[in-house]
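Biologist: I'm new to this one. Could you walk me through how to read it?

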Amino acid sequence: QHYYITNNLRMASIKHMLSLLVFEAVAILPIILIIYWAQKYGGGFSWEVKSKLKFNYHPVFMIIAFVFVMGHSIIAFRILPLAHRLKKYIHAILNLAAVAFAIAGLVAVIDFHNEQGYPNFYSLHSWLGLITLSLLFLQALGGLTIFQDLVKGASDEIRAAYKPWHVVAGTAMVTLAAATICTGLQEKYSFANPDKFSANAYTFNFTAVTILMWAFTVIYILVAVEKRTPEDEYETLPETHSQNEESIQ
């Protein structure tokens with residue numbers, strides 16, 4: 001039996017590679033930008049009691065949690081050329097890592113507010129954040145209990161019924177995460193009140209633009225990029241084939 005790499009598979013591989021490269025760029029860039037802002041204009045980082053610099057951990061941890069870690073967990077099934085079970089484990093581990101970073105970010109901002117005497121959970125940003133965090137926790141819990149066999153009674157019927165909700169909720173989290181981060185950047189911008197057209201102000205804008213690009217890229221991958229498995233790399237064809245296909249022994 002012969003296996004051939006067809007033009008369709010070549011194009012699919014290029015599509016996966018380009019999608020991954022774009023995703024990595026728009027997932028890493030906002031982390032670099034927000035750390036740059038915190039160091040250059042926000043005074044740096046400190047976890048000391050009553051330090052105003054403690055807040056700066058909040059946007060960094062949240063962008064790492066949702067944009068980088070959760071983003072990778074969402075696209076893993078589409079991009080990675082691995083067996084389905086292995087991708088399930090990677091997806092679960094990344095989701096748990098996202099939960100850990102999100103908790104750290106939440107603790108940082110609550111501690112900062114409490115120590116500085118600011119109220120908690122009053123703004124649109126904080127409300128969206130609570131919804132996004134709750135959805136992340138529920139997604140991680142549901143995925144572990146139903147898809148990772150923590151509940152032995154989860155039958156194939158239960159998994160099949162839950163899967164569409166899990167997928168839709170994951171896609172919704174992309175939109176919610178982008179909205180939450182962008183409203184948070186706008187809120188911090190209004191508090192910082194940087195000079196108009198300054199590098200400080202532009203850093204907020206560029207960070208928000210990269211977040212929107214990230215959300216678009218993730219949704220594009222979910223909608224337009226086919227899932228990959230090891231079998232997808234090759235395609236079984238009849239012995240007679242066109243000259244534009246390479247034979248692989």
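Modeller: Let's start just after α3, where G117 takes a positive phi of about 80°. Helices here are DSSP runs of H or I with at least four residues, strands are runs of E with at least two, and both are numbered from the N terminus. This is a predicted model, where local features need pLDDT of at least 70, side-chain atom pairs count only at pLDDT 80 or more, and totals for chains, interfaces and linings use all residues. Residues are numbered from 1 along each chain as its sequence is written, and side-chain values use heavy atoms, with hydrogens and water left out.

Biologist: What span should the 33 residues of α3 have?

Modeller: The expected span of a helix is 1.5 Å times one less than its number of residues. For α3 that gives 48 Å, and its end C-alpha atoms are 48 Å apart, which agrees.

Biologist: How many salt bridges does a search of the whole structure find?

Modeller: A salt bridge is a side-chain nitrogen of Lys or Arg within 4 Å of a carboxyl oxygen of Asp or Glu. The search finds 2. In one, K54 meets D111 at 4.0 Å, N to O. K54 sits in the loop between α1 and α2 and D111 in helix α3, so this pair ties together parts 57 residues apart in sequence. E115 and K54 also meet, at 2.9 Å, N to O. That pair links helix α3 to the α1-α2 loop, 61 residues apart. With shared partners, K54, D111 and E115 form one network.

Biologist: Is K54 buried or exposed?

Modeller: Buried means under 20% relative accessible area, exposed over 50%, and partly exposed in between (1.4 Å probe, protein chains only). K54 counts as buried at 2%, while D111 is partly exposed at 26% and E115 is partly exposed at 25%.

Biologist: And how much space lies in the largest pocket?

Modeller: A pocket is an open set of points on a 1 Å grid over the protein atoms alone, where a 1.4 Å probe fits, with protein on both sides within 12 Å along at least five of seven lines; lining residues have an atom within 4 Å of a point. The largest pocket holds about 860 Å³. Of its 41 lining residues, the closest to the centre are F55, H58, V109, H125 and E187. The largest share of that lining, 9 residues, comes from α5.

Biologist: What about the second largest pocket?

Modeller: That one has about 570 Å³ of space. Its lining has 23 residues, with F77, H91, K163, H166 and V167 closest to the centre. Here α5 again gives the largest share, 6 residues.

How values were computed: Points joined across faces, edges and corners; volume = space filled by probe spheres on them.
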